[in-house]
Amino acid sequence: DEYLKVGGYPEYVLSQNPQYFADLVEAVIFKDIVSLYGVRNPQLVRDLLLLLSDRGGHQTSFTKLGQILGLTTDTVREYIEYLKQTFLVYELRKFAFSRNKQVYAAKKFYLNDNGLLFNLAGKLNLGSATEQIVFHALRQKASQVFFYYENQLEVDFVVNTAGKTILMESKYELGLDKERIEQQLTKIAQELNITNIQIVTKREEKSSTKDGVKLNYLPLWKYLLTE
C-alpha cells in the first residue's frame with residue numbers, strides 16, 4: 001500500500017518531501033525541455049502533464065487535450081513527445097489489427113512513477129496507481145503491450161510475451177463487480193481467440209476456467225516479484 005503511493009524514486013522514498021517532485025518537474029520542463037526543444041510557453045507543457053496525471057489509465061486523444069489547453073492537435077502531439085523523451089510520460093496504444101487504428105486511435109498515458117502521480121494528482125486513486133505499476137512491470141516483462149477497447153468492452157492490457165498473448169486486468173479492489181468483470185473479460189478473450197486471462201488484485205489468488213478460458217487471480221505484490 002505504501003509503494004502504491006510513494007513509488008520508487010530513491011531520494012523521495014527516503015525523505016518523502018513533497019517539494020521533491022515539484023522541483024523535479026520544474027527542472028525537467030523549464031530546463032531540459034525548454035533548452036532542448038525551445039518551447040516558448042513551458043507552462044502549457046506543465047498543464048498538459050497535470051491533465052495526463054488526472055487521466056491515468058483512461059483513454060484520451062490529442063484533439064481533446066488540445067481543446068482543453070487551447071492548442072492544436074499537432075502541438076499537443078509534440079509536447080507529449082517531449083514528455084516521453086524526458087521519461088516523465090509513457091504512451092500505450094490501442095490493440096488493433098490495423099496499424100492505422102493503432103496510430104490514430106485514442107491513447108492511454110502513464111506517468112513514470114507513482115510518487116509523481118500522487119503528488120501531481122493530489123490524491124491516491126488505488127485503481128490508477130495499481131494499473132500504472134502493472135503497466136511499468138509489463139514494460140520490463142513483455143515484448144508488446146496494448147490496451148483493448150471495442151464496442152464498449154475494455155481490458156487494461158493485451159500482452160504478448162514469448163509468442164503467447166494473454167489479457168491482463170488490474171483490479172486492486174474487486175468489489176461487487178467480479179462476475180460482470182469475468183464475463184466481460186471472457187467475451188473479449190473469445191473474440192480475440194485468447195485462452196488465458198490474468199487479473200491482478202490486492203490479495204486474491206486462485207485459478208478457474210470459464211467457457212474454455214482460464215482466469216488466474218494473482219496479488220499485486222506477488223506479480224511484481226515474478227520474472
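**Close-up views of a predicted protein model**

**View 1. The whole chain and its surface.** The protein chain exposes about 12000 Å², and carbon and sulfur atoms supply 47% of it (Shrake-Rupley method, 1.4 Å probe; for residues, only the protein chains shown count as cover). This is a predicted model, where local features need pLDDT of at least 70, side-chain atom pairs count only at pLDDT 80 or more, and totals for chains, interfaces and linings use all residues. Residues are numbered from 1 along each chain as its sequence is written, and side-chain values use heavy atoms, leaving out hydrogens and water.

**View 2. What the chain is built from.** You will find 11 helices and 8 strands in the protein chain (DSSP runs numbered from the N terminus: helices are H or I, at least four residues; strands are E, at least two). Of its 227 residues, 46% count as buried (under 20% relative accessible area, with a 1.4 Å probe and protein chains only).

**View 3. Helix 10 from end to end.** Helix 10 covers residues 178–191, and its end C-alpha atoms lie 20 Å apart, in agreement with the 20 Å that its 14 residues should span at 1.5 Å a residue (1.5 Å times one less than the number of residues). Just after helix 10, asparagine 193 takes a positive phi of about 60°.

**View 4. The buried face of helix 10.** Here Ile181, Glu182, Leu185, Thr186, Ile188 and Ala189 are buried. Seen down the axis of helix 10, the buried residues fall within an arc of 165°, so they line one face of the helix (the arc uses directions from the helix axis to the C-beta atoms). Their cover includes strand 3 (144–150), strand 5 (164–170) and strand 8 (213–219).

Conventions
Buried < 20%, exposed > 50% of the residue type's maximum accessible area, 1.4 Å probe, protein only. Contact = heavy atoms within 4.5 Å.
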